[in-house]
Amino acid sequence: MSTPIQPGEVGRLREDSLAAAGEYTALAAVASRREGDRALQLLAGRCDDATAFTWWWALVRQSADRFSTANQLARRVAVPDTLTEAVTAHVLEKLTQHERQYRSAAAGSRAEILRRLDPSVPWVVSLAREVVRDPAERTAAVVEAALDILGASRRPEDRAAVFDLANQQNYSKRGGVLARLSDPIEAEEARRIVEAIADMRGRGAERTDWEPVARLLRRIPAEVATEFLAEPFRHGTGRQTLLEAGLVTSLGAERLREVLTGLTEPAVAEELLQRAASELPQDDVAAFSAWAHDRYPAAACAGFRVRLARGLQSAHLRGEERRRQALDGLWASALAGHDADAIADELVAASGTADLVERAVDVDSDRAARQLGAVAAGMLAVDPRTADEARVGQLVADTARAARALSPHLAPHYFAGLVRAATGTPAMTMLHGDLLDAVLEDGDTIAAFAAEGGLTVLTAHAARTPDHAAAVLLAARAHLSAEDANALLGIHTGRQERRRPSDPQTETPPAGVDWTTSDRETYLQILEVANAWPEAVFGVLSRALAALDEPEARHPTAEVLRALLAHAEAHALADHLGQDTTGHIRRLLTKQRDPEVLRATYRWIRRLDLDADGADLGRAQLVLAADISRGDRDPDLRALRMELAERHAQLAQNLALDTEQRIAYLRTAADLDAASARAAAVLLASSPTTEIRLAAAGVLAETAGSPDEHGTLADLVAAEDHAEVAELLQAALHRLASGDAGEALRNLAELLDLPTTGLDPDVLIPDPTHRDRFAKWVDMARARSANSHDPGAFIEAAINVADQMVDLAVIAAHDAGQPVALKTAQVDALRSNTANRPEAGALVTQQQRLQLFPWFQTVAALRQKRAAHPSRIGTTAPPHFVPDDVVVARGLLRDITAGWIEDMHKHAQEGGPVRDDRAAGAAAPG
């Protein structure tokens with residue numbers, strides 16, 4: 001409320017003072033004068049007061065030219081209710097023809113007045129709707145003001161009026177209309193907006209038409225904006241015009257991230273990223289670059305790296321701050337990237353390897369660790385010819401320190417990135433020393449390093465230390481080549497060792513790992529790895545077997561040998577060890593006691609000499625010597641010996657071989673097993689080649705035969721025209737059957753390794769009727785003694801010989817007056833060997849006779865092996881004899897024969913006088 005003007009307050013009558021004091025009536029009075037334009041303008045500026053607006057409205061209505069002061073109206077005018085109709089009529093007044101060509105002040109005021117009306121007042125909203133119903137009769141400014149009022153409304157019908165007007169416009173102009181809608185714009189409404197402007201994508205528009213659309217895309221929900229941008233822009237340069245219209249600037253960094261997150265079209269994202277790299281504010285670039293590198297290929301983010309790199313040369317007042325900001329941005333982008341291309345060359349140039357350690361402390365993801373490794377590779381990629389030794393050493397040391405500064409689980413990723421980026425660059429020559437030692441500290445790191453192509457340098461380094469070699473073999477097994485495995489196992493194939501210029505000179509090749517440098521369990525695991533490459537298995541096996549000739553400290557354990565031989569067998573071990581094969585087999589046969597190792601050795605020999613086309617004479621002698629040294633106690637070795645005998649006997653009959661070879665095979669067969677050699681010799685004795693007949697006849701003469709061969713040998717003797725061969729065949733024929741009882745006794749003594757003295761038939765076999773039968777079974781035992789294929793045949797012959805000795809001893813004791821617990825008739829039945837005679841089994845078990853003849857117990861033991869019995873007493877299993885049973889039976893028969901000879905001499909002396917020479921010749925059996 002105004003106050004009366006007092007004397008001395010004339011200054012209050014000034015126009016601006018009146019306006020400030022709210023003296024609107026006085027101000028209007030001043031404005032009513034012709035020169036009152038200044039007062040009218042001041043009055044317009046106070047029209048947020050209804051009184052001021054009433055006076056202003058009255059004055060401008062008096063003179064239409066004074067409507068030009070509408071530009072000075074207050075931001076929000078207060079229209080009294082009494083003037084709403086007048087104001088409405090003024091605003092709705094249509095343009096005259098003259099006003100269309102020459103815009104009057106009154107016409108220009110309509111938009112200014114409408115823009116300053118309160119958009120929340122119902123009559124104002126109604127006024128705006130009236131304006132847009134007939135936009136052709138209004139100025140563009142009036143229509144825009146009305147759209148602002150309607151767009152600010154939250155009533156659907158008011159906002160719909162904006163859409164209605166937009167749809168009446170050319171498709172390229174609709175964005176400007178729809179941009180008048182106020183926030184918030186919900187998803188449904190946003191979809192109506194993009195539907196209205198959709199034609200702009202396919203039919204094109206000017207940059208000025210896209211500008212309001214760019215602003216709209218910031219204001220509508222991100223998913224709707226993303227859908228709009230993702231659709232094809234088929235006109236001209238596509239999205240280029242929209243981007244040039246300031247889309248990225250309008251969106252801003254945060255909204256742009258939201259839009260890009262929803263985009264699934266790489267090409268669209270790349271366009272937005274390229275524009276963002278040049279248009280985002282400098283303070284947003286570093287963070288946005290790191291975000292983009294985390295999600296997109298390095299190529300799509302190249303613009304960010306370029307812009308950040310420019311900051312490294314900043315000459316701005318904040319230059320040092322800018323450079324630090326740029327460097328941090330490049331680091332963040334590099335560590336967030338997916339590959340080495342995300343690392344700017346400027347970053348590598350501006351940083352040092354010491355920075356790697358600093359940055360490693362904060363690395364917390366696999367990808368960042370890989371990228372850090374790629375940065376390290378860039379820093380290591382210096383030309384070693386131009387870098388001094390100290391600098392090279394520092395680079396390598398810092399790179400290793402960075403690896404150790406990482407969390408342990410990130411080290412594999414660091415080295416994977418390093419090797420991947422270093423491949424094909426000078427950085428590969430820097431991978432040595434402490435850097436490789438850092439790799440070798442962890443199995444996962446070794447595997448990652450190897451997987452990326454670093455195995456060559458790692459192998460050359462690790463092979464020098466057994467522990468390192470073992471670690472690489474176990475951790476990088478999936479990436480090893482045969483050459484790598486050989487180097488790590490210390491197998492030197494003769495190829496020159498791979499060496500980098502930076503490696504120190506070595507006088508000896510890498511040692512690798514062996515059974516003496518690793519614990520047993522670890523080494524067995526290493527052998528499992530080596531099993532992937534036959535050459536590695538054979539190489540290690542050769543080293544291990546050669547070590548058996550060295551001091552025991554160098555010998556591989558039985559477990560190692562078993563594993564090696566098993567792996568070698570899996571790779572069809574035969575002559576893969578070359579000229580040293582026989583020497584290796586000799587070492588196994590003579591220096592190993594482990595049954596499994598020996599059985600594997602036997603299988604190896606079988607593969608070499610039984611499965612192959614030929615057979616080695618030297619190995620056969622090794623087998624023979626081994627069997628003899630083991631005293632026939634190894635049934636597997638004995639079986640191998642017999643099989644080799646058969647093999648050599650077969651080769652002796654091979655007509656494709658030369659004479660010397662066949663003779664050598666025959667003689668070796670005779671050494672191994674007389675029966676196999678004799679079977680072949682019988683056939684070879686009719687060969688047309690004299691040398692072969694001579695060798696065959698020698699075998700026949702030196703080995704025991706069967707009486708069944710008598711006819712064959714007799715025919716050979718009759719047909720032979722070579723004196724030496726005939727003599728040998730005659731000797732063989734003579735060996736088939738003893739000429740008389742005396743010869744039979746001597747042959748028996750020779751068979752059993754007993755003394756040949758004191759063997760007078762008159763003492764030992766007094767009754768001539770017993771001599772032929774005795775000679776027959778002695779000859780049968782001799783013939784069967786070498787038959788390892790049927791041990792029961794010899795046992796049966798030995799039992800028959802022993803039974804006759806029992807009969808002869810009982811008869812001699814009875815005749816000498818000894819109590820043999822038999823009646824005379826029973827003894828006579830023994831003499832005549834009639835059917836009612838006592839059984840031999842009963843004779844050797846009677847207690848009185850056991851006291852008289854202690855060796856009867858041995859006869860009983862021998863009879864227990866009788867093959868004629870279906871099974872031994874106490875079991876239902878049928879008897880099964882092996883070569884060992886022949887050895888046992890021969891020993892029993894020797895003891896029986898010695899006891900028999902002694903007793904026969906004793907009873908002969910008791911029964912009557914014995915010739916002196918006969919008594920003197922009797923010897924105690926051994």
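Helix α40 passes helix α42 in a left-handed crossing (left-handed if the near helix is turned anticlockwise from the far one by less than a right angle, right-handed if clockwise). Helices (H or I, at least four residues) and strands (E, at least two) are DSSP runs, numbered from the N terminus. The model is predicted, so to speak by its rules: local features need pLDDT of at least 70, side-chain atom pairs count only at pLDDT 80 or more, and totals for chains, interfaces and linings use all residues. Residues are numbered from 1 along each chain as its sequence is written, and side-chain values use heavy atoms, with hydrogens and water left out.

**Exercise 1.** Describe how α40 and α42 pack.

*Solution.* Start with the axes, which are lines fitted to C-alpha atoms, for helices over the stretch in contact, with angles from 0 to 180 degrees between N-to-C directions. Those of α40 (residues 690–702) and α42 (residues 723–736) come within 7 Å and cross at roughly 25 degrees. α40 is therefore roughly parallel to α42 (angles under 35 degrees; over 145 is roughly antiparallel, 65 to 115 roughly perpendicular and the rest oblique). Next, list the contacts (heavy atoms within 4.5 Å): R693, L694, A697, G698, L700, A701 and E702 of α40 meet E724, V725, L728, L729, A731, A732 and R735 of α42. Finally, sort these residues: nine are nonpolar, one polar and four charged (Ala, Val, Leu, Ile, Met, Phe, Trp, Tyr, Cys and Pro are nonpolar, Asp, Glu, Lys and Arg charged, and the others, Gly among them, polar).

**Exercise 2.** Work through α5 and α8 in turn.

*Solution.* The axes of α5 (residues 84–92) and α8 (residues 122–133) come within 10 Å and cross at roughly 20 degrees. The two are therefore roughly parallel to each other. The crossing of α5 past α8 is right-handed. T84, V87, T88, V91 and L92 of α5 make the contact with W123, L127, E130 and V131 of α8. By class, that is six nonpolar, two polar and one charged residues.

**Exercise 3.** What are the overall dimensions of the chain's C-alpha trace?

*Solution.* Along its principal axes the trace spans about 195 × 70 × 60 Å. The secondary structure comes to 52 helices and zero strands.

**Exercise 4.** Where is the pLDDT below 50?

*Solution.* The mean pLDDT (the predictor's confidence in each residue, from 0 to 100) is 89, and 92% of residues reach 70 or more. It is below 50 over residues 495–508 and over residues 912–926.
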